[in-house]
Structure formats: C-alpha cells, structure tokens
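We'll go from charged pairs to pockets to one helix.

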Amino acid sequence: MGKLDGRVVLITGAARGQGEQEARLFVAEGARVVLADVLDAPGEALAKELGESAARYIHLDVGEEAGWDEAVAFTKRAFGKLDGLINNAGIAPRNGLVDTSLAEYEEVVRVNQTGTFLGMRAAAPELAASGGGTIVNTASYAALSGLPSLAAYAATKGAIVAMTRVAALELAGRGIRVNALCPGGVDTPMANPGGKVPRQEMDAYFGKCVPLGRVGRPEEMARVALFLSCDDSSYVTGQPIVVDGGWLAGPALPQ
C-alpha cells in the first residue's frame, strides 16, 4: 500500500523541478494528482506520462484569483474531491535591493506570496469537505536567514512561513494540517536555469557553505513533502520544516 492511497492532491509549479518530483512520488505512493503550471507543454507531457487515471494537467497562474477557482473545480471534476495541496509555484529573480524595481518586487509578491494565500483560501473548504487534509507551502531557507540579491524572494518566503502558522491555527479544527517546506539550495531550474551548471559544480559551490557538502536534490524535497502530506506527520502542523543539508545550523568550516 502507498502512503497516499486514495488521496487527491493539487500541485502547483508541477511541470518541472521540485513540483515534478513531488508529482512523480505522490503518484507512486497511490495519489491522484492535478498538475498546475504556466508551462503547458512540459506539464501536459508529464500528466500524459503518469497516465490519465493518475494525473491531469491544468494551466494555472497562481497569482490570478479566478484561476484558483477553476483549478479546484477542475480537480473535483477529474477526481471527485481534494485531499491535499502543494503550493510549490514560485519565482526568484536575483537583484540587489537598491536595483530591484517596484514592478519586479510586486511580481514576486504576486506569484510567491499572493499565490500561496489564494491557494490556501481556495483549497481549505474542499479539504474540509473531504473530512480534512493537508497543505504544504513551499517557503525557503531564505525565510529564516538572509541571502544577498534575494530581497523580494526572501520577503515573500518569510510571509509564507507566517501565513502557514496562522492557517494552521485557523484550520486545525477542520482537520487540516498546514506546514511549510523550507528548502536550502536545490538543483532545480530555479537555481540552475536550463541545467547549464553540471551537478558536480553545483555540489562544489554549495559544499563551501553546506555542512553535508553538496546541493540538495529535488527528489529529496519531494520526500519531505510526502511526509508532510501523509499520516506519518499526523501530529505536525504550523511548522517550517528546514531541508538544507545543515546550512542554517552554521557555515561549513574547513576540516
């Protein structure tokens, strides 16, 4: 038996990277998934690969309110209910604080922060109707420790951690658990656009500051998202779960 047998989960940013690995793992663990993204071609291809009985794709701009209503309705039409939400979609433009335009800052807020808020608000009634469920919001190591050139990104991820705590308090009585996954450096298209930097070089770069000596793998983040979405974490809610190879604990020092 799988850890998610019979469950229906909506995953945003599911066309590639961390969201893709979450979708693959969740299906392997018995879930049916709705993949939501703005990258239609890879999203549709992944849904086709996973099979119509297990996965469907819908175009979703997470910062658009009406899109969320349709995504939840689509999930119910496809699989009859909603048991879990993974708010994974996000953007991370790199720019110095004084070089970040208001338009750029507001776009990061729209996607990362507003998108997460809209997702929780849209999903909560349906999760409650299913008898309870789970929400996993993708925050970041940057929500808990500063990173240069990521002021807008860090601000939105900090907001996600705060919203997660509030949502956990408000939704606990409806049987809904809400947690935040806080990855460190992960080898995904966000951190490594186009996969241009070989994994070995990514490991060497992050190994300078990460005690475990390498960059994270998206499949490792997916396994933690699975933990937070299944009964293994039945007494966990309102928590930022840091998955960073020890980065937040302190800098790796030469031996």
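A salt bridge here means a side-chain nitrogen of Lys or Arg within 4 Å of a carboxyl oxygen of Asp or Glu. The structure holds 14 salt bridges.

Before moving on, a word on the model: it is predicted, with local features needing pLDDT of at least 70 and side-chain atom pairs counting only at pLDDT 80 or more, while totals for chains, interfaces and linings use all residues. Residues are numbered from 1 along each chain as its sequence is written, and side-chain values use heavy atoms, with hydrogens and water left out.

Next, pick Glu49 and Arg24. Their closest N and O atoms are 2.7 Å apart, in a salt bridge. Glu49 sits in helix H2 (residues 40-50) and Arg24 in helix H1, so the pair ties together parts that are 25 residues apart in sequence. (Helices are DSSP runs of H or I with at least four residues, strands are E runs of at least two, and both are numbered from the N terminus.) Are the two partners buried or exposed? Glu49 counts as exposed at 53% relative accessibility, and Arg24 is partly exposed at 27%. The cut-offs are under 20% relative accessible area for buried, over 50% for exposed and partly exposed in between, with a 1.4 Å probe and protein chains only.

Now jump to Lys76 and Glu126, whose side chains meet in a salt bridge at 3.2 Å, N to O. This pair links distant parts of the chain, with Lys76 in helix H3 (residues 65-79) and Glu126 in helix H4, 50 residues apart. Lys76 is partly exposed, at 38%.

Then try Arg199 with Asp187, another salt bridge, at 2.6 Å from N to O. Arg199 belongs to helix H6 and Asp187 to the loop between E6 and H6, 12 residues apart. Arg199 is partly exposed at 33%, whereas Asp187 is buried at 12%.

Which residues line the second largest pocket? Select Phe117, Met120, Arg121, Ala124, Met163, Val166, Ala167, Glu170 and Leu171. The elements giving two or more residues to this lining are H4 and H5, and H5 gives the most, with five. The space inside is about 160 Å³.

**Last stop: H7**

Finish on residues 218-229, helix H7, which has 12 residues and reaches 16 Å from first C-alpha to last. Nine of its 12 residues are buried, among them Met221, Val224 and Leu228. To see what covers these buried residues, show H1 (17-28) and strands E4 (84-87), E5 (133-138), E6 (176-183) and E7 (240-243), which are included in the cover.

Definitions and conventions. The expected span of a helix is 1.5 Å times one less than its number of residues. Contact means heavy atoms within 4.5 Å. On a 1 Å grid over the protein atoms alone, a cavity is a set of points where a 1.4 Å probe fits but cannot get out, and a pocket is an open set with protein on both sides within 12 Å along at least five of seven lines; lining residues have an atom within 4 Å of a point. Grid points are joined across faces, edges and corners, and a volume is the space filled by probe spheres set on the points.
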